[in-house]
Amino acid sequence: MLEVRCLLRSVRFCSSAPFPRHKPSAKLSVRDALGAQNTSGERIKVQGWIRSVRSQKEVLFLHVNDGSSLESLQIVADSSLDSRELTFGSSVEIQGQLVKSPSKRQNVELKAEKIKIIGNCDAKAFPIKYKERHPLEYLRQYPHFRCRTNVLGSILRIRSEATAAIHSFFKDSGFVHIHTPIITSNDSEGAGELFQLEPSGKLKVPEENFFNVPAFLTVSGQLHLEVMSGAFTQVFTFGPTFRAENSQSRRHLAEFYMVEAEISFVNSLQDLMQVIEELFKATAMMVLSNCPEDVELCHKFIAPGQKVISFVDKAQYICCLIISYTEAVEILKQASQNFTFTPEWGVNLQTEHEKYLVKHCGNIPVFIINYPLAIKPFYMRDNEDGPQHTVAAVDLLVPGVGELFGGGLREERYHFLEERLARSGLTEVYQWYLDLRRFGSVPHGGFGMGFERYLQCILGVDNIKDVIPFPRFPHSCLL
Ligand code: 4AD
Ligand code: MG
């Protein structure tokens, strides 16, 4: 009885959904099609955008790209095909046979049997032009189109690969990933570069804060990671951070991504610097080996012959130098170069100083440690070193970019922290932070790395606005 019922059910199924007579073509990404081993005429389907059209007497060549690789797939079609709509930039779906290419320029090509135009493109009006090498500044005007160029395609694929490399570095090293909040009531850096958050229009009640307290977009997830480091010995976060810095410089954004880590039971800057160095090297190596074509394109197109690259290539063999802030100021004072800002102990290092120091040290990454207490936020650990009075802070400066990492040991001693907060009038606001030192405090430290600056550094990209899909900076929030 049971058997019969099953049979009936399958018959019903068959009659309402008959099997197609031909096996449908397998949909492949361009990347998979290019890497296919089977080139004996397998029927496949690809979807993408036309990057080039070349018409010859008997055949029509198209190149189609879908963002999965730098290289496009060559499509060979019959020249009798009406090619008027097959314009640069149009989106298409192509079915055909994947075969070995007779040309040495590519391994495979797709012999088109069916070409469907999904969305046509008026190539004359399209701001991205066929075969033109548009400068990055030109492309910045078109944030809605620039991802369709080879160069932005490569940068964005590398960005995606680097994100994965950073996550896998932390996972492999036993860190727990924490989603720190984007809306916060604290200003961890104390620099006052905050975007305040309020509901717009109708929801806004005069004289009232939506959250009862003033709320801001986060400038750093550090303090929330410190909460977590009271329960997990190694944590990290990787998300957007916001700074209302009025800077149009080539290394500042109002919205950028930061990779931050916090490690408990850490007693020395040396231990922190080791993690920073390992993170930098391991992820750079992963990116270089996982997307070599994209990296090569960046190096050729963006930074031909730049020195930056040669140090990244050799990153695995290089040891970062370590100098103290005091030594750094001495080096700057003895420099023959005339700086716009005169170097002086107790004052922040400027970009021109950072550049000089990196060059002076042989164009390799340089750690600067032990900064004056007066120029660092309240949470930095006091070195108790007499009249100079420094804190256990560390920055990593790299060629081409300057400051890439900032971090240090945190003040875990209750009375030291209490006094620092009282002096800055912050005791009430940071009562919860002080509590962390009352209940199971541990020596700990951490760091933050600007993800866009990291990409600038490994790719040699001069302007930070070219390594983020949608840059936000003063007077500009396109799209
Ligand atoms: O040095 P910063 O301000 O350090 C912190 O925010 C710490 N709370 C991090 C921590 O210890 N968890 O910022 C860290 C890094 C900088 O070294 C720089 O690479 C990057 O973030 N950064 C910016 N990147 C782009 N645009 C800006 N406006 C940036 N400001 C900082
Ligand atoms: Mg800093």
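**Ligand 1, contacts**

I started at G450, where a backbone N or O atom lies 3.2 Å from an oxygen atom of ligand 1. That falls under what I call a polar contact: a pair of N or O atoms within 3.5 Å, where within protein one must be able to donate a hydrogen and the other to accept it, and residues adjacent in sequence count only if both atoms are side-chain atoms. Next I asked how much of ligand 1 the protein covers. The protein covers 93% of the 620 Å² of accessible area that ligand 1 has on its own. Accessible areas are from the Shrake-Rupley method with a 1.4 Å probe, and for residues only the protein chains shown count as cover.

A backbone N or O atom of L253 sits 3.0 Å from a ligand nitrogen. For E260, an N or O atom of the side chain is 2.7 Å from a nitrogen atom of ligand 1.

**What I am looking at**

This is a predicted model, in which local features need pLDDT of at least 70 and side-chain atom pairs count only at pLDDT 80 or more, while totals for chains, interfaces and linings use all residues. Residues are numbered from 1 along each chain as its sequence is written, chains are lettered from A and ligands numbered from 1 in the order in which they are written, and side-chain values use heavy atoms, with hydrogens and water left out.

**Ligand 1, shell**

I then looked up which residues come nearest to ligand 1. There are 23 residues around the ligand, and E189, Q222, E245, E260 and E403 come nearest; a residue is in this set if one of its heavy atoms lies within 4 Å. By element, β12, β16 (402–409) and β17 (444–450) each supply at least two residues of the shell. β16 gives the most, with five residues. My helices (H or I, at least four residues) and strands (E, at least two) are DSSP runs, numbered from the N terminus.

**T237**

T237 is in strand β11. I have T237 down as buried, because its relative accessibility is 5%; the cut-offs are under 20% relative accessible area for buried, over 50% for exposed and partly exposed in between, with a 1.4 Å probe and protein chains only. Its side chain makes a polar contact with the side chain of T180 at 3.0 Å. Skipping neighbours within four places in sequence, I listed T237 in contact (heavy atoms within 4.5 Å) with H177, I178, H179, T180, L225, M258, V259 and E260.

**Cores**

I searched for nonpolar cores, meaning sets of buried Ala, Val, Leu, Ile, Met, Phe, Trp, Tyr and Cys residues joined through side-chain atoms within 4.5 Å. The largest has 62 residues, and F170, F405 and Y454 have the most contacts inside it. The largest share of this core, 10 residues, comes from α6. Another core lies apart from it, with 29 residues, including A328, L332, Y356 and V358. As a general reminder to myself, nonpolar side chains tend to be buried together in soluble globular proteins.

I also checked what F170 touches: F175, F236, V259, A261 and L279, leaving out residues up to four places away in sequence.

**Salt bridges**

How many salt bridges does a search of the whole structure find? My note says 17, where a salt bridge is a side-chain nitrogen of Lys or Arg within 4 Å of a carboxyl oxygen of Asp or Glu.

R251 pairs with E354, with the closest N and O atoms 3.0 Å apart. The pair links distant parts of the chain, 103 residues apart: R251 is in the loop between β11 (234–242) and β12 (255–264), and E354 is in helix α10 (residues 351–360). Both R251 and E354 are buried.

K281 and E277 form a salt bridge at 3.1 Å, N to O. Both are in helix α6 (residues 269–290), four residues apart, about one turn of the helix. K281 counts as buried because its relative accessibility is 17%, and E277 is buried too, with 16%.

R423 bridges to E419, with the closest N and O atoms 2.8 Å apart. They are separated by about one helical turn because they are four residues apart in helix α11 (residues 414–423). R423 counts as exposed at 58%, whereas E419 is partly exposed at 47%. Next in my list, salt bridges that share partners join R140, R146 and D466 into one network.
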